[in-house]
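A short report goes with it.

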Amino acid sequence: MDTIIQCENITHYYGQKMIYEHLNFEVARGKILGLLGKNGTGKTTIINILTGYLKPRAGICRIFGEAMERLSPAAKSRIGLLLEGHVQHAYFNIEQIEKFYSRFFPQWKREAYYELLKKLQVTPVQKISTMSCGQRSQVALGLLFAQDPDLLILDDFSMGLDPGYRRLFVEYLKEYITAENKTVFLTSHIIQDMELLIDDCIILDFGRILLHEPTSYILERFRRFRFDSDAPAFPANDILRNTERIGTHWETYSFASAAEVERELVKNGATVSRLSEDKLSLEDAFIGLTGKY
Amino acid sequence: MYTSLFYKEWIKARKLLLLLLVVFAAAVAYTLLTTIKQFHANPVAFWEFIVENNSIRTGYMRYLPLGAGILLAIVQLTPEMHNRRLKLTLHLPLDESKILCSMSGFGLALLSGLFILSGTALLLGLRIYFCPEIVYSDFIASLPWWMGGFTAYLLTVWICLEPVWKQRIFNAIPALCCISLFYTKALPGAYVPLLPWLTVLMTAGFFFPFYSAIRFKHGVQ
C-alpha cells in the first residue's frame, strides 16, 4: 500500500509549551483521514507542518516521499490546500481567480469549477471579498475540484459555514473524493461532518495521539456504559475511560465488551447494578475518549 | 505561470498605479509650470540661482518616488499577509524563490516604468528651456530620490513579509535609517561620489525580503 503522508517523531513546542512529542502517523493512498482534537491540541499546527509552513523542533513529515520543507513544484501541484476559513485571494473576482490558477495546473478542469459555482447566486465578476463565507467555501472547493489534486489537505473546512453550506460542502466533497479515489487529510471542529467523510480517525490529546483507528472500528466497538454504584470512584485505565458520576448514576466509555467492563468495575469490590450499553456517534465517542473538559 | 503571477500582482496594484500616474503627471506638470513661471518672472535672478547652485529646483518631486515605493509594496503585500494568504501563493507549483522574485520584480518593473516615464517627461520639458549640461546636472542631483523609491519599495516588502509584528518594528528602524541616506539635504551634486554606494544599498535591498519569507516558512511567531 502506498504511503502518501508520513510523519516521523514530530516534536514541537510553542515557547515552553509542548504541543507534541514523538508524533508518528501515516496516511495511505485513497484514505480519508480526519484529525480530531480539542482546541489547542495542535490540529492546525500539524497542517502547517505538513504543508511546510512551520518547522517542527524535531522530526520530519514527508508527502509523496518528499520532505515537507522542500516540496518540489511537481509535488505541490498534486496537493490541494484549503486554509482555515476558506481563505482565498479575495481581491480577485470569480473569473479572475479561475484564470489565475488555471495556468499553474496542466490538468486544470475549468468546467468542474464553473459547474459548482452555477448554483451560487453570484455574478462572474463578483469579487471574492464581497462574498459570504459559505459562497467563498464553494469557490475554494470549486478551485480544488478544478485542480484535481491527488491529495487534499483541508484545515477546519466547517469553520464559518452555516448548516446548509456545511452539508453542501460535505456532500460535494464526499462525492468527489469517492469517485476519484483521492487521499484526504482534514480537520474540522464539527465532528458530525467528519463522520460522513472519514475512513480513519486520529484523535489528538494534549501532546500525543490518543487514538488512530478506522472510523468504523470506533463506531462499532466504542461504547458508553451507564450503571449505578455506591463506589466513590473508579480508577482510570485502558478499559475504563473517563468514568464519572452524572447525577445519580455513573458513566464510563470503553472499547471492551459489557462483560469485561463489568468485571473491571467490580474488581475493586464495588457493587454495580443496571449496567446498560449505548452505541455512539463519532462526536460522542470523541467526548468519551477526550473527556468534556 | 509567470504571466499568471504578474496578473495577480497587476490586479492588486492597478488602481494604485493609476493614482500614481495621475500624481506623478501632476507633479511633473507643476514642476515645469513653476520653473517656467520663475524663468519668465525674473530671468536674471533665476539664472543667478542656477549658476550658483548648479540646479533648477525640481525638488517638488523629491519624496514622490519614496511614497510610490512604500505604497506599492503595501498594496502588493498586505493582501498576501492578511489571513496568511502568502501560504496559498507559496503553495503554487513553482519554486518559492522564483515566486518571490516575480512579485518583487513586478513591483520594481512598475516603479521603473513610472519613474522613467515621469523622469523623461520632466527632463524633456526642462530641455526646452535649458541646455543639456544643466538638465543632466539636475538629473544626477535627483537620482538618489529615484533610487530611494526603489530601496523604500524593497525594504517595505521586507517589513510586510515579516510574520511577527514586533520584528516588523525592529526592521522598520534600520529601513528608515537606510532610506534617509537617499534624502539627506546637500548641495546639488554632492551625492555623486556616493552614488555607487547607494546603488549597492539598493541592490542589497532585493535580498532582504527572502529573509522574512524564510521566517514565514518556518512559522516564526
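The report takes the chains in turn, then some single residues.

## Basis of the model

This is a predicted model: local features need pLDDT of at least 70, side-chain atom pairs count only at pLDDT 80 or more, and totals for chains, interfaces and linings use all residues. Residues are numbered from 1 along each chain as its sequence is written, chains are lettered from A and ligands numbered from 1 in the order in which they are written, and side-chain values use heavy atoms, with hydrogens and water left out.

## Chain A: overall

Chain A has 10 helices and 14 strands. Helices (H or I, at least four residues) and strands (E, at least two) are DSSP runs, numbered from the N terminus. The C-alpha atoms of chain A fill a box of roughly 70 × 40 × 35 Å along the principal axes. Of its 293 residues, 54% are buried. Buried means under 20% relative accessible area, exposed over 50%, and partly exposed in between (1.4 Å probe, protein chains only).

Take the contacts in chain A with a separation of 6 or more: residues 24 or more positions apart account for 70% of them. Contact means heavy atoms within 4.5 Å. Chain A exposes about 12,900 Å², and carbon and sulfur atoms supply 48% of that area. Accessible areas come from the Shrake-Rupley method with a 1.4 Å probe; for residues, only the protein chains shown count as cover. There are 35 positive and 38 negative side chains in chain A, and the centres of the two sets lie 4 Å apart. Lys and Arg count as positive, Asp and Glu as negative; His and the chain ends are not counted. Each charge is placed at NZ of Lys, CZ of Arg, CG of Asp or CD of Glu.

## Chain A: two domains

Chain A divides into domain 1 (3-217) and domain 2 (222-290). The bounds come from an automatic or database domain assignment. The C-alpha centres of the two domains of chain A lie 35 Å apart.

How many residues of domain 1 of chain A are in contact with domain 2 of chain A? The count is 14, and they meet eight residues of domain 2. The size of an interface is often given as the accessible area lost when the parts come together. Between domain 1 and domain 2 of chain A, about 1,100 Å² is buried, and carbon and sulfur atoms give 75% of it. Buried area is the accessible area (1.4 Å probe) that two parts lose on being put together, summed over both.

His12(A) sits in strand S1 (residues 3-14) of chain A. It counts as buried because its relative accessibility is 5%. Beyond its neighbours within four places in sequence, His12(A) is in contact with nearby-listed partners including Lys17(A), Tyr20(A), Thr45(A), Leu54(A) and Arg57(A).

Met159(A) is in the loop between strand S7 (151-154) and helix H6 (163-180) of chain A. At 31% relative accessibility, Met159(A) is partly exposed. Not counting residues up to four places away in sequence, Met159(A) touches Glu84(A), Gly85(A), His86(A), Cys133(A) and His189(A). Glu171(A) is 12 residues from Met159(A) in sequence and 16 Å away in space, C-alpha to C-alpha. Arg274(A) lies in strand S14 (residues 272-279) of chain A. Its relative accessibility is 68%, so Arg274(A) counts as exposed. Most residues other than glycine have a negative phi. Arg274(A) is not a glycine, yet its phi is positive, about 50°.

## Chain B: overall

Chain B has nine helices and zero strands. Its C-alpha atoms fill a box of roughly 65 × 30 × 25 Å along the principal axes. Of the 221 residues of chain B, 51% are buried. Among its contacts between residues at least 6 apart in sequence, 82% join residues at least 24 apart.

Chain B exposes about 10,500 Å², with 74% supplied by carbon and sulfur atoms. Chain B carries 17 positive and 9 negative charges, and their mean positions are 12 Å apart.

Which residues of helix H9 (residues 208-217) of chain B are buried? They are Pro209(B), Ser212(B), Ala213(B), Arg215(B), Phe216(B) and Lys217(B). Their cover includes helix H3 (64-81), helix H5 (96-129) and helix H8 (195-205) of chain B. Gly219(B) follows H9(B) and has a positive phi, near 70°.

Arg84(B) is in the loop between H3 and H4 of chain B. Arg84(B) is partly exposed, at 30% relative accessibility. Its phi is positive, about 55°, although Arg84(B) is not a glycine. Ser112(B) is in helix H5 of chain B and is partly exposed at 24% relative accessibility. Ser112(B) and Met147(B) are 35 residues apart in sequence and 10.0 Å apart in space, C-alpha to C-alpha.
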